[in-house]
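Have a look at the structure first, then go through the points one by one.

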Amino acid sequence: MRVIGITGGVGAGKSEVLAYLEGRQDCRVIMADRVAHRLEEPGEACYEPLKALLGTEILDDGGRIDKRKMAARIFGDGELLLKVNGIVHPAVKAYLTEQIEKERADGRLSWLFIEAALLIEEGYAGILDELWYIHADEEVRRQRLRDTRGYTDEKIDAILQKQLSAQVFREHCGVVIENNGTLESVYTQIDKELGEDQWQKQ
């Protein structure tokens, strides 16, 4: 089983890549954001620490963490954000490490894909076999964010300023999937990287 990390900037088109991969019976895709949301549920690893840090005002009427309330509580407070990340990111990484070990022991998968925006920053290289960078030119990404999410140019600027540059992504990733054109082109690149004959026969 090959464990492959999928990363890239916002608007690069990671969701299309993941949708293609999820359609394979011998693959599993794990998205770090979904793991984080799960771990923030009552009874899970991050729930009590986050409640202790941020207070009960972040909870909804049912006692669950309300994402919007939590975001409002953190907004503009860099130190508090670091503390939240210090709770969530290690818990997510521990969960992913556990899942990798589980799937290796099970032996049924050919590929396990892990998607996260911060694979490089959080040092995931140590638990991955390889790292893929989904790349799209900045203007292509900007247009996608305008069209699909309705973001303003000001919001896009603020997001892009916080993300790694294409150069840094390329320095850390062994595979680059170019996503400036058609989905068929993207699928062809994926097929080639995974070994087209084996991939298509699964």
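**Notes on strands, pocket and charged pairs**

1. Let me begin with the strands. Tryptophan 111 in E3 is the bridge partner of arginine 2. Helices and strands here are DSSP runs (H or I, at least four residues, for a helix; E, at least two, for a strand), numbered from the N terminus. E1 (residues 2-7) and E3 run parallel and are joined by five bridges; two strands pair if DSSP finds at least two bridges between them. Strand E2 (residues 27-31) is also parallel to E3, with five bridges joining them, and methionine 31 stands opposite glutamate 115 of E3.

2. A word on what you are looking at. This is a predicted model, with residues numbered from 1 along each chain as its sequence is written. Local features need pLDDT of at least 70 and side-chain atom pairs count only at pLDDT 80 or more, while totals for chains, interfaces and linings use all residues; side-chain values use heavy atoms, with hydrogens and water left out.

3. Is E3 buried or exposed? Five of the five residues of E3 (residues 111-115) are buried, so this strand is largely enclosed by the rest of the structure. Buried means under 20% relative accessible area, exposed over 50% and partly exposed in between (1.4 Å probe, protein chains only). In a regular strand, side chains alternate between the two faces of the sheet. In E3 both faces are covered: Trp111, Phe113 and Glu115 are buried on one side, Leu112 and Ile114 on the other.

4. Next, the largest pocket, which holds about 2000 Å³ of space. On a 1 Å grid over the protein atoms alone, a pocket is an open set of points where a 1.4 Å probe fits, with protein on both sides within 12 Å along at least five of seven lines. Grid points are joined across faces, edges and corners, and the volume is the space filled by probe spheres set on them. The lining has 50 residues (those with an atom within 4 Å of a point), and Asp33, His89, Ala117, Leu118 and Gln163 lie nearest the centre. H5 gives the most to this lining, with seven residues. By class, the lining has 24 nonpolar, 12 polar and 14 charged residues; Ala, Val, Leu, Ile, Met, Phe, Trp, Tyr, Cys and Pro count as nonpolar, Asp, Glu, Lys and Arg as charged, and the others, Gly among them, as polar.

5. How many salt bridges does the structure hold? There are 15, each a side-chain nitrogen of Lys or Arg within 4 Å of a carboxyl oxygen of Asp or Glu. One of them pairs lysine 67 with glutamate 40 at 3.6 Å, N to O. Lysine 67 lies in helix H4 (residues 67-74) and glutamate 40 in the loop between H2 (32-39) and H3 (47-54), so the pair ties together parts that are 27 residues apart in sequence. Glutamate 40 is buried at 5% relative accessibility, whereas lysine 67 is partly exposed at 34%.

6. Arginine 142 is buried at 13%, and glutamate 138 is partly exposed at 45%.

7. Finally, the cysteines. The structure holds zero disulfides, a disulfide being a pair of cysteine sulfur atoms within 2.5 Å. Cysteine 27 is buried at 11%, and cysteine 173 is buried at 8%.
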